[in-house]
Amino acid sequence: MKKEIATMKIGWIGLGNMGIPMASNLLAADYKVAVWNRSPEKASPLLALGATLVPTVSQLVDQSDILFTMVSDDDAVKAVYSGPEGIFAAAAHGKLAIDMSTISPDTSRWIAGESKQAGLRFLDAPVSGSVGPAKEGTLVIMVGGDEADYKQAKPLLDKLGKAAIHLGPNGAGASAKLAINLLLGITVQGVAETLLFARSLGIGTDQMLNIISESAVGTPLIRGKAASILADDFPAAFALKHMAKDLRLATAAGVSTPLAESANASYRHALESGLGDLDLMAIIKHLEG
C-alpha cells in the first residue's frame, strides 16, 4: 500500500533560478527534502531552511519516495535520468519521478518509456511562470502521465502552483508548455514591436506602456515588464536563451504558423547576438538594432 503523501520523503534535482524557490516552498510546507545538484554550493539557501544535501543521485533516489527534476534542457534531463550515475542506474523501482523541466514532448515520452522499464513511475509536469511565481507558489503546472500518479502528486504540486492540470498521457504536459511559451514569446515580441513603433512616431515609451496597461490588451505580464523596459535593464526572470530554446522545440514539434516562425527567428538571432543571459524582454534591444 502506498504511503500517504504527507509522509513522503522528497528528492530534488536541479537548483537553478526556479528549482531553489520551488524546493523552498516544499520545505515551508514541512516536507522533508533532500537535494542533489552538479554544483553542490548552490544548495546553501535550501540547507539553511532544513534541506539535506546528498553527494550522489543514487543516494537521493534511495532515500526518497518522490523525485523532482528541474533542469535546463533535453540533454540535462537525459543525463539525470539515463546517465551512468543517473536515476535509472539507482534503485528506483516503485518510486515516482516528476520532471518539471521544459523539454520536447518526444523526450518526455522517451523518459516515460525508459522509466517504465526501470519500474519507475513518471510524470512530465513543466510550469508556466518565472522566478516571481515560483517564489509565491503561483505557477501553473501542466501534467502528463497516469492519472493515479497525478492524484498522488497533486498535494505536492499544489504547494508549488495555483493550478496543477492533468492533460493526458506522458508528453501532454510538455506539449502544453511549448504551446503556452509560444504565446509568451509572441506576446513579448509584440510588446517590443509596439513600443518601438510608437517611439518612431514620437510617443514616449512610458506613455505607451500606460496606454497598454489601461487598455483591453493590458496584462500582468506587460505591467510586470514595464519597470525593466523603462530602465533599459533586463535581469533574467526568464532568460532569453530559454525562450529561444522553447521556440526551437516548438518548431521541431511542428508549429509553422507566421507568428511562430517570426518569433523563432527573432529570438534565435537575439541569442546569436549575445543577449541570451538577459530576460526575454531584451528582445526589444535586438529589434531596435
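Analyst: A salt bridge is a side-chain nitrogen of Lys or Arg within 4 Å of a carboxyl oxygen of Asp or Glu. This is a predicted model, so local features need pLDDT of at least 70 and side-chain atom pairs pLDDT 80 or more, while totals for chains, interfaces and linings use all residues. Residues are numbered from 1 along each chain as its sequence is written, and side-chain values use heavy atoms, without hydrogens and water.

User: What makes Lys 241 and Asp 277 a salt bridge?

Analyst: The closest N and O atoms of Lys 241 and Asp 277 are 2.9 Å apart, which is within the 4 Å limit, so the pair qualifies. This pair links distant parts of the chain, with Lys 241 in helix α11 (residues 240-252) and Asp 277 in the loop between α12 (258-275) and α13, 36 residues apart. Helices are DSSP runs of H or I with at least four residues, numbered from the N terminus.

User: Why is Asp 277 called exposed?

Analyst: Exposed means over 50% relative accessible area, buried under 20%, and partly exposed in between (1.4 Å probe, protein chains only). Asp 277 has 56%, so it is exposed, whereas Lys 241 has 35% and is therefore partly exposed.

User: How do you know that Lys 151 and Glu 147 form a salt bridge?

Analyst: Their closest N and O atoms lie 3.9 Å apart, and because the limit is 4 Å, the pair counts. Both residues sit in helix α7, 4 residues apart, about one turn of the helix. With 55% relative accessible area, Lys 151 is exposed, while Glu 147, at 44%, is partly exposed.

User: What makes Arg 199 and Glu 288 a link between parts of the chain?

Analyst: The side chains of Arg 199 and Glu 288 meet in a salt bridge of 3.1 Å, N to O. Arg 199 lies in helix α8 and Glu 288 in the segment after α13 (283-287), so the pair ties together parts that are 89 residues apart in sequence. Arg 199 has a relative accessible area of 39%, hence partly exposed, and Glu 288 is partly exposed at 39%. A search of the whole structure finds 9 salt bridges.

User: Why is α1 described as largely enclosed by the rest of the structure?

Analyst: In α1, 8 of the 10 residues are buried, so the helix is largely enclosed. Among the buried ones are Pro 21, Met 22, Leu 26 and Leu 27. Just after α1, Asp 30 takes a positive phi of about 75°.

User: Which residues of helix α10 are buried?

Analyst: In α10 (residues 220-231), the buried residues are Ile 222, Lys 225, Ala 226, Ser 228 and Ile 229. Just after α10, Asp 232 has a positive phi of about 50°.

Terms used: Helix = DSSP H or I, 4+ residues; strand = E, 2+ residues; numbered from the N terminus.
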